[in-house]
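Here is a short briefing on one protein structure. Keep the model open as you read.

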Amino acid sequence: MALFRGLFDFFNDNKVDEKLGLTEKQKRLVQNTWAIVRKDEVSVGVSLLMTYFKQFPEAQNEFKSFKHIPLDELPRNKRFQAHCANIIATLGKLLEQMNDPELMEASLINFTEKHKNRGQTRQQFENLKQIILEALPSLFGKQYTPDAQQAWKQTLDVIFAKIYQVYAN
């Protein structure tokens, strides 16, 4: 019986979600590692957005509420912190919705249309994706195994492909 259960788990883990192209194991790896980020959403969000602004300084001008604040003062600014926490919460919501791909897609479309209407560009999203990919190893430490790395790359490819599709339409 234990052997049968083990085989069932193996096949279930390797079952591919046809809509996302991710296995059940990959979805679980992403969601489990994301739990690390959820412990300190503000700090992680601040770190990501600060890295983004340092690599792409012109991007800060897109944010009315903190475009005139010196870069070194941003981490202590509560409106900036709130925005950073919102970025992390939005990504977290999408990751929670991986078990309902249609809901995930609808959320992504809504999110992207709002940003597109505000003037954010596809290139800015491409830049953000790169910042996220570069941050993952330090965020997840030992839990960022080769399997987790592959799962995250595929997950971000799925998310950003939908964002790019909205921009193409």
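**Aromatic rings**

Phe53 is buried, because its relative accessibility is 1% and buried means under 20%. Keep in mind that this is a predicted model.

- Phe66 has a relative accessibility of 1%, so Phe66 is buried.
- The rings of Phe53 and Phe66 form a tilted pair, with centres 6.3 Å apart and planes at 50°.
- This pair links distant parts of the chain. Phe53 is in helix H3 (residues 41–55), while Phe66 is in the loop between H3 and helix H4 (78–96). The two residues are 13 residues apart.
- How many aromatic pairs does the structure hold? The structure holds 13 aromatic pairs.
- Another of these pairs joins Tyr52 and Phe56. Their rings are tilted, at 5.5 Å centre to centre and 45° between the planes.
- Tyr52 is buried at 6% relative accessibility. Phe56 is buried too, at 19%.
- Tyr52, Phe53, Phe56, Phe63, Phe66 and Phe80 make up one aromatic cluster.

**A charge over a ring**

- Which residue has its charged end over the ring of Tyr164? That residue is Arg122, and its charged end is 4.0 Å from the ring centre.

**Helix H2**

- Helix H2 covers residues 24–38, which is 15 residues.
- From its first C-alpha to its last, H2 reaches 21 Å. That is close to the 21 Å expected at 1.5 Å a residue.
- Which residues of H2 are buried? They are Gln26, Lys27, Val30, Thr33, Trp34 and Val37.
- An α-helix has 3.6 residues a turn, so residues three or four places apart point the same way.
- The buried residues of H2 pack against several elements. Among them are strand E1 (16–17), strand E2 (22–23) and helix H7 (146–168).

**Salt bridges**

- Side chains of opposite charge can pair when their charged atoms come close.
- The structure holds nine salt bridges.
- One of them joins the side chains of Lys19 and Glu102, at 2.8 Å from N to O.
- Lys19 lies in the loop between E1 and E2, and Glu102 lies in helix H5, so this pair ties together parts 83 residues apart in sequence.
- Lys19 is exposed, with a relative accessible area of 59%. Glu102 is partly exposed, at 43%.
- Glu24 forms a salt bridge with Lys27, and their closest N and O atoms are 3.2 Å apart.
- Both Glu24 and Lys27 lie in helix H2, three residues apart, which is about one turn of the helix.
- Is Lys27 buried or exposed? Lys27 is buried, at 3% relative accessibility. Glu24 is partly exposed, at 23%.
- Asp17, Glu24 and Lys27 are linked in a network of salt bridges.
- Lys162 forms a salt bridge with Glu105, with the closest N and O atoms 2.8 Å apart.
- This pair links distant parts of the chain, with Lys162 in helix H7 and Glu105 in helix H5, 57 residues apart.
- Lys162 is buried at 14% relative accessible area, whereas Glu105 is partly exposed at 35%.

**A buried loop residue**

- Gln120 is in the loop between helix H5 (101–117) and helix H6 (122–140).
- Gln120 counts as buried, at 12% relative accessibility.
- Leaving aside neighbours within four places in sequence, Gln120 is in contact with Glu62, His115, Phe125 and Tyr167.

Methods: Residues numbered from 1 in each chain as written. Predicted model: local features only at pLDDT ≥ 70, side-chain atom pairs only at ≥ 80, totals over all residues. Heavy atoms only, no water. Phe/Tyr/Trp six-rings, centres within 6.5 Å; stacked < 30°, edge-to-face > 60°. Buried < 20%, exposed > 50% of the residue type's maximum accessible area, 1.4 Å probe, protein only. Helix = DSSP H or I, 4+ residues; strand = E, 2+ residues; numbered from the N terminus. Lys NZ or Arg CZ within 6 Å of the ring centre and 35° of its normal. Contact = heavy atoms within 4.5 Å. Expected span 1.5 Å × (residues − 1). Salt bridge = Lys/Arg side-chain N within 4 Å of Asp/Glu carboxyl O.
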